[in-house]
Amino acid sequence: MSSAVSPQNDAPHIPVMLPEVLKAMDLSKGEVAIDATFGAGGYSRAILQEGATVVAIDRDPTAIAAGQSAVEEFDGRLILSHGCFSDLDRLAHEAGYSQVDAVVADIGVSSMQIDQAERGFSFQKDGPLDMRMEMQGPTAADVVNTFERPDLTRIIGILGDERQASRISAEIAERRAKSPFETTLQLAKCVEDVLSRKAKDRIHPATRTFQALRIFVNRELDELAEALLAAERVLKPGGRLVVVTFHSLEDRLVKRFLQDRSEVSGGSRHLPQVDTKELTFKQIKRGAISASKTEADVNPRSRSAKLRSAIRTECAVGDIDRSVFGLPRLAELTSGGKR
Ligand SMILES: C[S@@+](CC[C@H](N)C(=O)[O-])C[C@H]1O[C@@H](n2cnc3c(N)ncnc32)[C@H](O)[C@@H]1O
C-alpha cells in the first residue's frame, strides 16, 4: 500500500511496481538518486528509507508543496525541486549534485491529479477543461476551442490512438461553433455521443481523447525524450536508469532510446563491423517488466505499467540525434485559428 509522503485526499497514490523499482535502482546508503516524478512521494520515501539522498522533482507545484513536511522528517536527505524532468540534470546540479547514482521516472499523472476535479483531468468528474500539470500555459480547453480541425484529428488520432479521431474532431468543431467547451463533462459527453457507449466496452469512450489532450497539453513525449537525454548526462558510470511507463507511445520511446544506446546496430555478418558508436547504457534485461498479478489485482493502474532499466557505462555522451525517439511531429501544431 501507499506510503505517500503527504496524501491530500482520501485516495492516495499507490506507488506502482515499487519492489521492482527499488531492485533496479539498487541503491546503497549514502548514494544519491533523482526521483524525476515526485508525485505523492511514494518512491522517494522508499528510497530515503534505504538511506540514500533524493533530489525529487515535480512540475506540479501542489505535489512539491505537499511534500514539504517530509524534508524535515528526512533530515536534509530529501531535496524538493519544482521543475520539469527534461531539465533534471540542471535541477540536480542546482541541488548540489553534478552526477548521481540513479534516476527513476514514473511517467504520467498521479491519482491526486485525476481525483481533483478542478484540475480537469477526469472525464468522470466535472471540472474546468484544464489538464495542465504545471498550471501554466494553454489549457485543454484552449486546444479544443481554437485548434484547426485537422490538427485536432492528428492529436486525438496519434496521441490517443483513437481510430474515430476524425469523427470526434468534426463533432467538436460543430459544437464549439455554437458554444466553446468549458468543462470536462461537456467534452466527455461530446465524445460519448460520437462513439456511443457499448455494454461490452471496458473503458469509457472518452479515455483515448482525454489521454491525447493531456499528453499534448503537457508535451509529455518531448519531456520524456529530453529526460532520457538528461539522465544520460547526469548518471555516473555504473548509475542506474529506471523508467515506468503506462502506454505504448511512452514505452516505445524508452525502448528505442535504450536500444540505440546499448546495442551495436545489425549490419551484415559478411561485412566487418563498422559501427563505432559509443554505447552509453547496458541493459540487464532487454524487454520490459510488468507488474505482478497480485499487484495488478490490488492496483488496477499497475496493469498497463512497463518498467525498463539500464546501467550507465563509462562512455562519454556523443552527438544528440533526437530522431532515435521517433517522436510524432506535433510540436508545430499551435494553430489557434479556428477550423
Ligand atoms: C505517476 S505520478 C508519480 C508518483 C510517484 N512515483 C509516487 O510514488 O507517488 C507522476 C508525477 O510526475 C509529475 N510529472 C509529469 N510529467 C512531469 C515532467 N515533465 N516533469 C516533472 N514532473 C512531471 C506529475 O505532476 C505527477 O505528480
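Let's start with S44, which sits in helix 2. Helices here are DSSP runs of H or I with at least four residues, strands are E runs of at least two, and both are numbered from the N terminus. Is S44 buried or exposed? S44 has 30 C-beta neighbours inside 10 Å, so it counts as buried. The cut-offs: 20 or more other C-beta atoms within 10 Å is buried, 12 or fewer is exposed, in between is partly exposed, with C-beta atoms placed from the backbone. S44 and V100 are 56 residues apart in sequence, and their C-alpha atoms are 15 Å apart.

A word on the model. It is predicted: local features need pLDDT of at least 70, side-chain atom pairs count only at pLDDT 80 or more, and totals for chains, interfaces and linings use all residues. Residues are numbered from 1 along each chain as its sequence is written.

Now the ligand. Helix 2 (42–49) and strand 2 (53–58) each give at least two residues to the shell around it. Of the 21 residues around the ligand, P15, T37, G39, G42 and D60 come nearest. A residue is near if its C-beta atom, placed from the backbone, lies within 6 Å. By class, the shell has 9 nonpolar, 7 polar and 5 charged residues. Nonpolar is Ala, Val, Leu, Ile, Met, Phe, Trp, Tyr, Cys and Pro; charged is Asp, Glu, Lys and Arg; the others, Gly among them, are polar.

Next, helix packing. The axes of helix 8 (residues 149–160) and helix 9 (residues 165–178) come within 8 Å and cross at roughly 140°. That makes the two helices oblique. Axes are lines fitted to C-alpha atoms, for helices over the stretch in contact, and angles run from 0 to 180 degrees between N-to-C directions. Under 35 degrees is roughly parallel, over 145 roughly antiparallel, 65 to 115 roughly perpendicular, and the rest oblique.

Helix 8 also packs on helix 11 (residues 207–217), at about 100° with axes 8 Å apart. These two are therefore roughly perpendicular. I155, I156, L159 and G160 of helix 8 meet R208, T209, Q211, A212, I215 and F216 of helix 11. Contact means C-beta atoms, placed from the backbone, within 7 Å. That contact has 6 nonpolar, 3 polar and 1 charged residues.

Last, two loop residues. D26 is not a glycine, yet its phi is positive, about 50°. D26 lies in the loop between helix 1 (18–25) and strand 1 (32–35). R219 has a positive phi too, near 50°. R219 is in the loop between helix 11 and helix 12 (220–234). With 16 C-beta neighbours inside 10 Å, R219 counts as partly exposed.

Key. Two residues are in contact if their C-beta atoms, placed from the backbone, lie within 7 Å.
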